[in-house]
Amino acid sequence: MWAASCLASCCAACACEACRTAVGSIGRRSARIAYCGLFALSLLASWVLREVAAPLLQSIPWINHFSKTPDREWFETDAVLRVSLGNFLFFTILAVIMAGIKDQKDPRDKVHHGGWMAKIFCWVVIVFLMFFVPNGVVSFYESISKFGSGLFLLVQVVLLLDFVHGWNENWVAKDEQFWSVVSLCTYFSWDSISMYRVIFCSLKICSYLFHLHHCRYMALLVVSVVCYIATFSFSGLLFHWFTPSGQDCGLNMFFIVSTLILVFLFAIVALHPKINGSLLPASVIGLYCTYLCYSGLSSEPRDYECNGLHNHSKAMSTSSLTLGLCTTILSVVYSAVRAGSSATVLSAPDSPRAGADKPLLPFSKADEEDTKEVAKPVAYSYSFFHLIFSLASMYSAMLLTGWSTSVGESGKLVDVGWPSVYVRMATQWATAGLFIWSLVAPLLFPDREF
């Protein structure tokens, strides 16, 4: 017994030392990934507590103070909301602390990138304390989470639009560089001393650039065509899955047809002579709107007669639930990291826009060295980065609880229920509105920069 006790103590000490070493090794180049890991851990904790914590919460008097004990689903939702509330407060506090940081000499810069043992301890304490707050506070947080989740989805849309327009502008800018190099080659061909050699080299360079020029346009065309093929093929599957014969599925038919109308509208507006648009952004946004339509329709209750994708498999296996949760985690974490890395949306006041070209994780040690003589500006807004995680905490809580209205079978699923359907479709319409506005705004307000 004594030997077993000593062995257990040694194993525990080694584990603690390994954790301390791992946490201490987190530096500037991996801080954002560490925050993502902490956020993913909170989602896993929410999921586990949703499955196992209901009996414990039923025995806590300040939580179960009702004259009639609610259903098990109420306690499952309450557990998820309390963990989400702790996560929200943790990242909101960090967002407030990091407000106004302009350069890396600010002492708070070290707080953002270091002190991980203290931050993890504070996170655990805050989440633990949330199980002592009154039910009224949790109910209020549940109400505001619906609005915070909508704001998070809006940030996702803005990031997507920024990415698509940036992609198109990047290829158009390379096209302009092509013609400038061609003119430069022609200039040197006639004005150089070694005329024949320069002409030969210039023709080789221009031929190579001309080949790249056509390859780039071919790539634009191929990507656009592939997106449209995927959009229309996906739409056909939506008709097959969600409008089964013999059922009155007018709502699903409306969602699918309206999505196709939006896809055609994007192309018409983008190709209008007065709009300086392109088919590439229109095709990508059209495909994304089709995906949102599918995501909304697949979130319909499993017993809904028009949900042909799931009405023959009401019993969801543990593996399916795990896959759904992992997909949710990856989606939320990617959106938060993308937002935190976007110089266009989240640049600090004095940070250069060039920071957008830096990778999420720099691979050079020179990127980690701080210059003592000159204060380097921060590459992104630390405060807004944590605020995105705060909004993502609200959004993930709504996904895990079916927007806090799911009962029975739907309460056991991830992102299932009529509120999820309408949120997805509202996100689609917001995406369509913002994309069309991004095309027509320069025409309506030519004196403003967009």
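Guide: Cys249 and Cys306 are joined by a disulfide, with an S to S distance of 1.9 Å; the term denotes a pair of cysteine sulfur atoms within 2.5 Å. The link bridges distant parts of the chain, its two cysteines being 57 residues apart. Cys249 lies in the loop between helix 8 (195–242) and helix 9 (250–270), while Cys306 occupies the loop between helix 10 (279–298) and helix 11 (318–341). Helices here are DSSP runs of H or I with at least four residues, strands are runs of E with at least two, and both are numbered from the N terminus.

This is a predicted model, in which local features need pLDDT of at least 70 and side-chain atom pairs count only at pLDDT 80 or more, whereas totals for chains, interfaces and linings use all residues. Residues are numbered from 1 along each chain as its sequence is written, and side-chain values use heavy atoms, with hydrogens and water left out.

To return to the disulfide, the link of Cys249 and Cys306 is left-handed, with -95° about the S-S bond. Cys249 counts as buried because its relative accessibility is 6%, and Cys306 is buried as well, with a relative accessible area of 0%. Buried means under 20% relative accessible area, exposed means over 50%, and partly exposed lies in between (1.4 Å probe, protein chains only).

A search of the whole structure finds one disulfide.

Arg72 is partly exposed at 35%, whereas Glu76 is buried at 3%.

Another salt bridge joins Asp78 to Arg82 at 2.6 Å, N to O. These residues are four apart in helix 4, so about one helical turn separates them. Asp78 counts as buried at 4% relative accessibility, and Arg82 is buried at 0%.

A further salt bridge is formed by Glu51 and Arg50, whose closest N and O atoms are 3.1 Å apart. Glu51 is partly exposed at 27%, but Arg50 is buried at 2%.

Aromatic rings supply another kind of pairing. The structure holds 24 aromatic pairs, where rings of Phe, Tyr and Trp (its six-membered ring) pair if their centres lie within 6.5 Å. Ring pairs link a cluster made of Tyr35, Phe39, Phe90, Phe91, Trp116, Phe385 and Phe389. Over the ring of Trp116 sits the charged end of Lys119, 3.9 Å from the ring centre; such an arrangement requires NZ of Lys or CZ of Arg within 6 Å of the ring centre and within 35 degrees of the ring normal.

Finally, Ser145 belongs to helix 7 (residues 135–191) and counts as buried at 0% relative accessibility. Leaving aside residues up to four places away in sequence, Ser145 touches Met394 and Met398, contact meaning heavy atoms within 4.5 Å.

Key:
Rings of Phe, Tyr and Trp (its six-membered ring) pair if their centres lie within 6.5 Å; planes under 30 degrees apart count as stacked, over 60 as edge-to-face and the rest as tilted. A salt bridge is a side-chain nitrogen of Lys or Arg within 4 Å of a carboxyl oxygen of Asp or Glu.
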